[in-house]
Amino acid sequence: MGIEKIEIKEDKTIKELIDELNLSSVPILLELDGEIFYPDENYGKILKAGDIVVVIRIVAGG
Amino acid sequence: MRVRRLNKILLYDEGMAQALNIEGIAEYLRKKLGKVEVEVRGNPFALYPLQDKISDYARRIASIKIQDATRRMSLGPEPLYGEIEYEKRRILGKTRAFGVLYDGLELQRLFFELIPEEERSLEFVHIFFTNRLFATWEESDKRYHARTSVYGIPSVISTTGLVEAPARPREYYLLKQQYEMLGKDLLELKDRFKGIFIDYEDERLTEVVNGYAMQAVFYSLVGDPFCQDKGCRLYNAHWQEELVLAQLGSEYEFCPRHAKLLEDGEWALRR
């Protein structure tokens, strides 16, 4: 539901990954190499094949 | 179920309700998660005492107020001077937030920046307690919905949200209309429903928040803060009666599945 690990198969930007996963309107954070960040502040960042990205979905309660 | 490792739990109080005992919550978490360190950090803005930084945060908080619950907020015009000054006083603890609704995701984003970079990790559970009321946009019905909490980095729990977000019994709203039409005292109505829902400065607030803090812990542990079991403290209550049952009235604290996860303690990084 909230936290999912993804292995990158081929080089792509964060924006391309987000579009591919249909997450552009979903509130998330990403973790890469121990660093956590908001994807929209790093759309141009290149992910390399073999990178492990953790998608952290923000969940609201109540 | 994949269980992540936890290193430390950090509690922040960004303007909390007077009835909330944050040290009590820390003690509860220590009891439940004995192998994980729990630290009370206090006001997160105190980490940035510089006046210009406080002014910047105040301006940004003023810009995430929701003016109309049926229109999705966009970061538009610069907030007014008075609005920024109000938020500055609010940050410095010189006034309390009432009657203002904030965008919960934007508030969380701002709080994210207050976390030291070296602690922005899933191994750290950062929990911000606030008395600001916040809401998140629902695309399905195109309106904002008040929330008790948002779970992520950090998790944010609103004491005002615990009062306002879960709906009160339908009968309460019907009677409230009648009271208002007849000009009767609404305090009398509240007395009629005393104990049925959580109210401001409710003496049960700390006990209720213990359960919401555990939702934040389970979010970090397994990626899901919630449980389908209505008697489990991880139940995502949308009605006050559900909240009171899950947090105060159930015969057990956690369902067997979540209780076992806690007992196993395999997730603790520090031993």
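This is a predicted model: local features need pLDDT of at least 70, side-chain atom pairs count only at pLDDT 80 or more; totals for chains, interfaces and linings use all residues.
Strand S4 itself covers residues 124–130 of chain B. Is this strand mostly covered or mostly open? It is mostly covered, with six of its seven residues counted as buried. S4(B) also pairs with strand S8 (residues 155–158) of chain B, through four bridges and again in a parallel arrangement.

Three strands form an open sheet in the order S3-S5-S6, and their pairing is mixed. Which strands stand at the edges? They are strand S3 (101–103) and strand S6 (143–147) of chain B; each has a single partner strand, so one side of each is left without a neighbour in the sheet. From one strand to the next, the twist averages 45 degrees. One pairing in this sheet links S3(B) to strand S5 (residues 133–138) of chain B: three bridges join them, and they run parallel. You can pick out B:Tyr102, which stands opposite B:Phe134 in S5(B). A helix belongs to this picture too. Helix H4 (residues 104–114) of chain B lies across S3, S5 and S6 of chain B, and runs at about 70 degrees to S3(B).

You will find B:Leu248 in helix H9 (residues 240–249) of chain B. How exposed is B:Leu248? It has 14 C-beta neighbours inside 10 Å, and therefore counts as partly exposed; a buried residue would need 20 or more, and an exposed one 12 or fewer. Leaving aside residues up to four places away in sequence, B:Leu248 touches B:Arg204, B:Glu207 and B:Val208. Take B:Val208 as an example of how folding brings residues together: B:Leu248 and B:Val208 are 40 residues apart along the chain, yet their C-alpha atoms are separated by 7.0 Å.

Now move over to chain A. Its secondary structure comes to one helix and seven strands. Starting at the N terminus, the elements follow the pattern β-β-α-β-β-β-β-β. The radius of gyration of chain A is 11 Å, close to the 11 Å that the globule rule gives for 62 residues, so chain A is as compact as a globular protein of that length. Along its principal axes, the C-alpha trace of chain A spans about 40 × 20 × 20 Å. Of its 62 residues, 26% count as buried. Contacts across the sequence are also worth a look: among the contacts in chain A with a separation of 6 or more, 77% come from residues 24 or more positions apart.

What order do the strands of the open sheet in chain A follow? Four strands line up as S1-S6-S3-S4, with antiparallel pairing. At the edges are strand S1 (3–7) and strand S4 (35–37) of chain A, each of which pairs on one side only. Neighbouring strands of this sheet are turned by 25 degrees against each other on average, direction ignored. Within the sheet, five bridges join S3(A) to strand S6 (residues 52–57) of chain A, and these two strands run antiparallel. One pair to look for is A:Glu31, which stands opposite A:Val54 in S6(A).

How confident is the predictor in chain A? The average pLDDT is 95, and 98% of the residues score at least 70. Confidence in chain A is lowest in S1(A), with a mean of 93, and highest in strand S2 (residues 12–13) of chain A, at 98.

Finally, see how the two chains meet. The contact takes 15 residues from chain A and 26 residues from chain B. On the chain A side, the elements that give two or more residues are strand S3 (28–32) and strand S7 (59–61). The largest share of that side, three residues, comes from S7(A). By class, the chain A side has 10 nonpolar, four polar and one charged residues. The strands even pair across the boundary: three bridges join S7(A) to strand S7 (residues 149–151) of chain B, and the two run antiparallel. To find this pairing in the structure, look for A:Ala60, which stands opposite B:Val150 in S7(B).

Conventions
Residues are numbered from 1 along each chain as its sequence is written. Chains are lettered from A and ligands numbered from 1 in the order in which they are written. Two residues are in contact if their C-beta atoms, placed from the backbone, lie within 7 Å. Ala, Val, Leu, Ile, Met, Phe, Trp, Tyr, Cys and Pro count as nonpolar, Asp, Glu, Lys and Arg as charged, and the others, Gly among them, as polar. Two strands pair if DSSP finds at least two bridges between them. The radius of gyration is taken over C-alpha atoms; the globule rule is 2.2 Å times the number of residues to the power 0.38. Axes are lines fitted to C-alpha atoms, for helices over the stretch in contact, and angles run from 0 to 180 degrees between N-to-C directions. pLDDT is the predictor's confidence in each residue, from 0 to 100.
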